[in-house]
Amino acid sequence: MILKNVCFYNEVFEKEIADFRIENGKIKEIGIIDEDGRDMSGFTALPGFIDIHIHGGNGGDFSDASKESSDKISSYLAKHGVTSFCGTSMTLDNPSLTDIVKSGREYAGKETGAKLVGINLEGPFISYDKKGAQNGAFVRAGTVDEFNQLFEDSGKMVKLITIAPEAFDSTDFITEASKKCSVSIGHTAANSDEAQNAINLGVCHATHLYNAMTGMTHRQAGVVGTVMDNEHVMCELVCDGGHVCPAVVRNTFRILGENRVCVISDSMRGAGLGAGEFDLGGQTAYVHKNGKYAVLEDGTIAASITNVFDEFKNLLDFGIDFKTALKSCTINPAKAIGLDNEIGSLAPNKCADIIFVDEKLDLKEVYINGKLA
């Protein structure tokens, strides 16, 4: 397939116009191609968006460990410009997590829309005091053996795991797990010293920054200030306008710059379905009419009901510049899970994951591995 006159953001996220040759699911060539093709004038091509932290959407939940639920998520994401995702588990017992990672391994390559490129384990080795909407009955101390078995059962698809480093003797865990995936600090009551020690051991990621972690004050850096102070730590940010207020979003980008924020949805099965009651990790979550996110019965924020493409447009409305917003939804999350040589930008030899938008940033077409989704 040849696409002509494509206005796109290149590998360094600068705008240019060129022709694309797409073969076998990859971008084979970008340049002046002296052959006929489809004229894409009037549209702008962006890299397919990537959601590395999503529990569900459109009635499906990755923790259901079923193809039916994964199909619902995959199709829902493709309709919203997300071409790759990491299915994310909740804090659950070991047999349930084993079923989830095995189901993910079996599902990869059989998607109906967005590609399952990894598995994100949100817990269960977290702090009970900062469990948020996670089920406290399954919070436990981490062991290298349990992680290794889940990693192997996943077919090595686990790309991220969230832990609270202060909640158990995590030295060996971080040292070993960080050799296989990105270890993220989250759902944690750690102080700044404990957070820094975890980073020194290998933590390189922060789960939904600000939410379910110790905050930064003028006297104590907490987890928030400590991860910000370490330039190699990537930070997730939910940009639905409710989890983190717009003023804090702007300040966060001023501190972290264009290369360290990963926009995530952290969405649950109710995303795209409107108001209702939904299961989330064995607990009931409520989406109220006109609500910005789901909540538990006691009002605890449970998860979002947004998607990364809508969050991208939110960022622009919040005052974040286009290049920075785009990178935070594409190449940054790709780097966070070690797949930036395959996805996250438009360049030769990368997957032909391309979304086309009009001048109003309305989605017009979504290509996944070169096929119209």
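Let me begin with the strands, where β5 and strand β20 (residues 354–357) pair in the antiparallel sense over 4 bridges, two strands being called paired if DSSP finds at least two bridges between them. This is a predicted model, in which local features need pLDDT of at least 70 and side-chain atom pairs count only at pLDDT 80 or more, while totals for chains, interfaces and linings use all residues. Residues are numbered from 1 along each chain as its sequence is written, and side-chain values use heavy atoms, with hydrogens and water left out. Helices (H or I, at least four residues) and strands (E, at least two) are DSSP runs, numbered from the N terminus.

Staying with β5, Thr44 stands opposite Val357 in β20, and strand β1 (residues 2–9) pairs with β5 in the parallel sense over 2 bridges, with Ala45 of β5 as the bridge partner of Phe8. From strand β5 (residues 44–47), Thr44 and Leu46 point one way and Ala45 and Pro47 the other way, and all are buried, where buried means under 20% relative accessible area, exposed over 50%, and partly exposed in between (1.4 Å probe, protein chains only).

Next comes strand β9 (residues 82–89), of which 8 of 8 residues are buried. On one pairing, 4 bridges join β6 to β9, which run parallel, and Ile50 stands opposite Ser84 in β9. On another, β9 and strand β10 (residues 115–122) pair in the parallel sense over 6 bridges, and the bridge partner of Cys86 in β10 is Gly118.

Let me turn to the aromatic rings. Rings of Phe, Tyr and Trp (its six-membered ring) pair if their centres lie within 6.5 Å, and planes under 30 degrees apart count as stacked, over 60 as edge-to-face and the rest as tilted. By this rule the count comes to 12 aromatic pairs. The rings of Phe49 and Phe309 have their centres 5.6 Å apart and their planes at 45°, so this pair is tilted. Because Phe49 lies in strand β6 (residues 49–54) and Phe309 in helix α8 (residues 308–318), the pair ties together parts that are 260 residues apart in sequence. Phe49 counts as buried at 0% relative accessibility, and Phe309 is buried too, with a relative accessible area of 3%.

How is the pair of Phe49 and Phe312 arranged? The ring centres are 5.3 Å apart and the planes stand at 80°, so the pair is edge-to-face. Since Phe312 lies in helix α8 and Phe49 in strand β6, this pair ties together parts that are 263 residues apart in sequence. Ring pairs link Tyr9, Phe49, Phe309, Phe312 and Phe322 into a cluster.

Finally, consider helix α5 (residues 192–201), in which Ser192, Ala195, Ala198 and Ile199 are buried. Why do these buried residues line one face of the helix? Seen down the axis of α5, they fall within an arc of 125° (taken from the directions from the helix axis to the C-beta atoms), so they line one face. On the other side of α5, Asp193 and Asn200 are exposed. What covers the buried residues includes α4 (171–177), β12 (182–185) and α6 (222–228), contact meaning heavy atoms within 4.5 Å. At the N-terminal end, Asn191 caps α5, with a side-chain oxygen 3.1 Å from the backbone nitrogen of Asp193. After α5 comes Gly202, whose phi is positive, near 145°.

Technical notes: A polar contact is a pair of N or O atoms within 3.5 Å; within protein, one must be able to donate a hydrogen and the other to accept it, and residues adjacent in sequence count only if both atoms are side-chain atoms.
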